[in-house]
Amino acid sequence: MLRIYDTRTRQVEDIPQARALRMYTCGPTVYRYAHVGNLRSYLLSDLIRRILERQRVRMVVCQNITDVGHLVDDAEIGEDKIVVQAREEGRSTLDIARFYEDAFRRDTAALNLRPPEHTPRATEAIDLMIELIAKLIEKGHAYTVPDGSVFFAAESFPSYGEISGNRLDALKPGHRVEGVDPRKRFHADWALWKHSHRELAWDTPWGGRGFPGWHVECSAMSLRYLGEHIDIHTGGIDLRFPHHEDERAQSDSAAGHEVVRRWVHGEHLLFDGRKMAKSTGNVVLLADVADEGLDPLAVRLAFMEHRYRHQMNLTWDTLRAADRTLRRWRARVAEWAESPSAPLDQTAVRQAEAAFDDDIDTPAALRVLRELERDESVAPGSKFESFLHLDHVLGLDLSSEIGRVRVLPAGAAELLEQRARARQECDWAAADRLRDDLAALGVKVADTPDGQTWT
């Protein structure tokens with residue numbers, strides 16, 4: 001049984017046993033490329049799904065696509081060179097959104113993230129949001145203002161703050177240049193609908209043309225596609241407040257009961273010790289990783305070297321190390337595939353699966369694989385079966401080298417022999433020079449305790 005940390009209860013909780021479970025994941029805002037820090041959050045929901053599916057649970061997952069709201073604010077996207085070019089070509093905001101949505105789907109596929117059953121776009125669910133807002137107005141949880149905007153009345157939801165620990169009576173007005181919005185009855189109220197006559201705007205029954213607030217999108221789409229009882233809700237820790245607090249208030253107020261059973265958040269990712277954000281100029285894309293000659297799944301492996309709810313500092317060195325491990329494991333699995341079949345190593349498999357169930361302790365599971373790889377008492381066929389069994393959760397494509405004939409470029413075999421001799425003679429300068437010569441031929445050499453390997 002999977003046990004996982006619930007941000008709302010502040011403790012590790014059991015995921016309820018059931019034939020089917022529903023999970024909602026806050027999806028991307030498609031106005032720029034997703035960086036690897038963003039992608040770490042989506043790995044979290046993928047791991048939850050894979051672990052539970054291995055336990056014969058049918059998962060129904062919904063992940064929204066935010067293609068409206070602050071997307072249309074030129075201050076947010078105006079400096080992006082792709083956006084500038086698209087504007088010059090006369091392409092619409094939705095054209096731009098589709099471009100980045102396609103890029104996001106390619107990235108998630110490259111990381112072996114299983115596609116959700118439902119991926120509704122905000123622009124295609126406006127009716128759902130208007131219906132939800134009208135219901136909240138009717139129930140007294142929301143109010144309209146003269147320009148047609150609608151605000152949620154935060155004080156109408158007494159348990160606000162249970163996810164983040166923020167209390168309404170302790171919240172202070174935001175320090176904005178224009179001060180507190182005078183249209184609000186209470187400074188912590190938030191917009192469900194924003195008056196606007198921009199490119200993406202819709203008419204409403206209460207007479208306000210505009211677009212939905214960010215938070216109401218997730219409430220409307222999760223209730224529509226997963227119903228009023230959602231087992232797990234995931235997202236990055238930065239969404240805990242205000243997004244998930246506001247979402248919970250909206251959904252629970254509309255349904256009349258607690259909608260989400262478990263709130264699960266993944267921690268921040270740093271790169272080279274700094275926050276990853278466009279504002280800091282410290283953004284690394286999955287395409288950048290591929291440009292360095294690294295397998296995109298090295299990013300997945302590097303992420304799993306750390307617990308999902310621990311802050312992680314990713315570096316190029318850790319990515320290169322993960323890439324070497326990934327290629328070595330694939331080569332070993334292909335080698336073990338040539339040996340007679342043998343049963344799973346039950347001890348190793350049980351230990352790894354127990355780690356998965358223990359709040360997704362992927363570092364412990366990976367340690368089990370490293371120990372199994374080195375254990376000479378375990379038959380190669382057993383290692384083969386065990387690695388592939390656990391790869392159903394790890395998602396590293398460890399079988400990809402099986403049966404593949406590796407062909408060296410002309411002259412590379414002789415250089416590899418020369419380098420092996422140079423290392424035996426401790427002629428490190430010659431070994432390094434030969435490594436460079438091999439790289440020029442397209443052969444990447446790695447040194448291991450068992451000798452040099454190449455890809």
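**Notes on domains, cores and local geometry**

1. Domain 2 and domain 3 bury about 210 Å² between them, and carbon and sulfur atoms give 59% of that area. On the domain 2 side, Asp-323, Arg-324 and Arg-328 supply 73% of the area buried against domain 3, more than any other three residues. The contact takes 4 residues from domain 2 and 4 residues from domain 3. The centres of these two domains, taken over C-alpha atoms, are 27 Å apart. Note that this is a predicted model.

2. The domain assignment divides the chain into domain 1 (3-266), domain 2 (296-394) and domain 3 (412-454). The C-alpha trace spans about 85 × 55 × 35 Å along its principal axes. The chain holds 15 helices and 15 strands, and 51% of its 455 residues are buried. Among contacts with a separation of 6 or more, 75% join residues 24 or more positions apart.

3. The largest nonpolar core has 66 residues, of which Val-36, Ile-48, Leu-52, Leu-314 and Ile-360 touch the most other members. Helix 1 (residues 36-54) gives the most to this core, with 9 residues. Domain 1 and domain 2 each contribute at least three residues to this core. Apart from it lies another core, of 43 residues, including Ile-133, Phe-211, Met-221 and Ala-254.

4. Which residues does Leu-314 contact, leaving aside neighbours within four places in sequence? They are Val-36, Leu-269, Leu-270, Phe-271, Asp-272, Ala-302, Phe-303 and Leu-319.

5. Helix 4 (residues 93-110) has 18 residues and reaches 26 Å from its first C-alpha to its last, close to the 26 Å expected at 1.5 Å a residue. Its buried residues are Thr-93, Ile-96, Ala-97, Tyr-100, Glu-101, Ala-103, Phe-104, Asp-107 and Thr-108. Seen down the axis of helix 4, these buried residues fall within an arc of 165°, so they line one face of the helix. In general, an α-helix has 3.6 residues a turn, so residues three or four places apart point the same way. Arg-106 and Ala-109, on the other side of helix 4, are exposed. Asn-112, which follows helix 4, has a positive phi near 60°.

6. Ala-352 belongs to helix 11 (residues 346-357) and is buried, with a relative accessible area of 0%. Leaving aside neighbours within four places in sequence, Ala-352 is in contact with Ala-365, Val-368 and Leu-390. The C-alpha atoms of Ala-352 and Glu-101 are separated by 35 Å, the two residues being 251 apart along the chain.

7. Most residues other than glycine have a negative phi, and most peptide bonds are trans. Ile-360 is not a glycine, yet its phi is positive, at about 55°. Ile-360 sits in the loop between helix 11 and helix 12 (362-374) and is buried, with a relative accessible area of 2%. Arg-10 also has a positive phi, near 65°; its place is in the loop between strand 1 (3-6) and strand 2 (11-14). At 40% relative accessibility, Arg-10 is partly exposed.

8. The peptide bond from Phe-241 to Pro-242 is cis, with omega near 5°. Pro-242 lies in helix 7 (residues 240-255).

Methods. Residues are numbered from 1 along each chain as its sequence is written. This is a predicted model: local features need pLDDT of at least 70, side-chain atom pairs count only at pLDDT 80 or more; totals for chains, interfaces and linings use all residues. Side-chain values use heavy atoms; hydrogens and water are left out. A nonpolar core is a set of buried Ala, Val, Leu, Ile, Met, Phe, Trp, Tyr and Cys residues joined through side-chain atoms within 4.5 Å. Buried means under 20% relative accessible area, exposed over 50%, partly exposed in between (1.4 Å probe, protein chains only). Helices (H or I, at least four residues) and strands (E, at least two) are DSSP runs, numbered from the N terminus. Domain bounds come from an automatic or database domain assignment. Contact means heavy atoms within 4.5 Å. The expected span of a helix is 1.5 Å times one less than its number of residues. The arc is that of the directions from the helix axis to the C-beta atoms. Buried area is the accessible area (1.4 Å probe) that two parts lose on being put together, summed over both.
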